[in-house]
Amino acid sequence: MGDRPLEGRTAWITGSSRGIGKAIAEHLASRGARVALHGSSASAPRIAGVPALSEIAREIRAAHGVEAIDVYGDLSQALVAKEVVSQIRERLGDIDILVNNAGGDIGTKGVTAANAGKPEHNDAVFIGEEDLRKILDRNLMTCIFACREVVPGMIERKRGWVVNLGSVDGTVGTLERAIYSTSKAAIHEYTRCLAALLRPHGVHANVVAPGSTMSERFKVSRPIDPSMVAPVGGTLERYGYMEEITRVVEFLVSDASSFVTGQVLRVDGGNQLWPA
């Protein structure tokens, strides 16, 4: 397969209209995978400068010569997740790779609100109930419902790769982002439980837990420390880059990780050095 080790495989990347999800979709396509890109809706507000999902799919087809489609739906709703998966199977066939990237510390006001949608009183007690439920749904339930629709087919075929996007926030207590941290910690544990279920069937399930990564939303959701903006190489005391996440995802969905499952792999330059 040469430089296209994922040729012949179909990958669904949830929450891939921007940022890390978009970068993962583009990278897996460059490695030969057919990709299904996903957004909550075709008319959802976008961060300035980010193209529509249908345009991203068109660009991927042109750049990499693979099939790329765009699908939409609120995956925190079980019936919607079922319908989205049905659309993907009808257009691209069975899903070999599931990357659950949909999520974020985004409340009810959405990503275009102040601080890129971070809720007010974003702590363990005083966060509003609607924001609390939205963050849990956006992160944890989307992951679980997508797995419930895709994983049974992987079990039947005895082949498949699941990568759930966690966070370093899910391995440490936080004052702000408390419910987001809780949801990511839950994803870490859910993935371990999923891996236990899938081991006898030869299906892999792992977590990639990014640290501070220079995505579009990261740049507009907080003050940026200029001293932490440094090129790759020379120092690990810096912000990460999206391509550093995508390469780890590729490893976890490729034959290179044939004996790796149930792991939480932090991609944070060593900022956290305790067990995940």
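Is T171 buried or exposed? I started my notebook with this one, and T171 turns out to be buried, with a relative accessible area of 18%. The cut-off for buried is under 20%, so T171 makes it into that class. A reminder to myself: this is a predicted model.

**Entry 1: around T171**

I looked up where T171 sits, and it is in the loop between β5 and α5 (178-198). Then I listed what T171 touches, skipping residues up to four places away in sequence: H188, R266, Q272, W274 and A276.

**Entry 2: the sheet**

Next I traced the strands. I found an open sheet of seven strands, in the order β3-β2-β1-β4-β5-β6-β7, with parallel pairing. Which strands stand at the edges? They are β3 (68-72) and β7 (264-267). Each has a single partner strand, so one side of each is left without a neighbour in the sheet. I also noted the twist, which averages 20° from one strand to the next.

My note on pairing in general: strands of a sheet pair through backbone hydrogen bonds, either parallel or antiparallel.

I zoomed in on β2 (residues 34-39). How does the chain get from β1 to β2? It crosses through helix α1 (residues 19-30), and this β-α-β crossover is right-handed. I also checked burial in β2: five of its six residues are buried, so the strand is largely enclosed by the rest of the structure.

**Entry 3: helices on the sheet**

I looked for helices lying on the strands. Helix α3 (residues 78-92) lies across β1 (10-13), β2 and β3, and it runs at about 160° to β3. Helix α7 (residues 242-252) packs on the sheet too, touching β4 (97-100), β5 (160-165), β6 (203-210) and β7. The direction of α7 makes about 165° with that of β6.

**Entry 4: helix α3**

I took α3 apart a bit. Its 15 residues reach 21 Å from the first C-alpha to the last, close to the 21 Å expected at 1.5 Å a residue. Which residues of α3 are buried? I found A81, V84, V85, I88 and L92. They cover an arc of only 95° around the axis, which puts them on the same side of α3.

The buried residues of α3 pack against β1, β2, β3 and α4 (129-157). On the face turned away from that buried side, I spotted the exposed residues L79 and E90. Just after α3 comes G93, with a positive phi of about 90°.

**Entry 5: helix α2**

At 1.5 Å a residue, its 12 residues should span 16 Å, and the end C-alpha atoms are 16 Å apart, which agrees. The buried residues here are L53, I56, A57 and I60. Seen down the axis of α2, they fall within an arc of 100°, so they line one face of the helix. What covers them includes α1, β2 and β3. G65 follows α2, and its phi is positive, near 65°.

**Entry 6: helix α1 and S30**

Last up was α1. Its 12 residues should span 16 Å at 1.5 Å a residue; I got 17 Å between the end C-alpha atoms, which agrees. How many residues of α1 are buried? The count is 10 of the 12, so α1 is largely enclosed by the rest of the structure. Among them are I20, I24 and L28. Just after α1, G32 takes a positive phi of about 105°.

I finished with S30, which belongs to α1. S30 is partly exposed, with a relative accessible area of 25%. S30 touches D3, R4 and H64, leaving out residues up to four places away in sequence. I also looked up S30 and L6: they are 24 residues apart in sequence and 8.9 Å apart in space, C-alpha to C-alpha.

How values were computed:
Residues are numbered from 1 along each chain as its sequence is written. This is a predicted model: local features need pLDDT of at least 70, side-chain atom pairs count only at pLDDT 80 or more; totals for chains, interfaces and linings use all residues. Side-chain values use heavy atoms; hydrogens and water are left out. Two strands pair if DSSP finds at least two bridges between them. Helices (H or I, at least four residues) and strands (E, at least two) are DSSP runs, numbered from the N terminus. Axes are lines fitted to C-alpha atoms, for helices over the stretch in contact, and angles run from 0 to 180 degrees between N-to-C directions. Contact means heavy atoms within 4.5 Å. The expected span of a helix is 1.5 Å times one less than its number of residues. Buried means under 20% relative accessible area, exposed over 50%, partly exposed in between (1.4 Å probe, protein chains only). The arc is that of the directions from the helix axis to the C-beta atoms. A crossover is right-handed if, with the strands pointing away from the viewer, the path from the first strand over the helix to the second runs clockwise.
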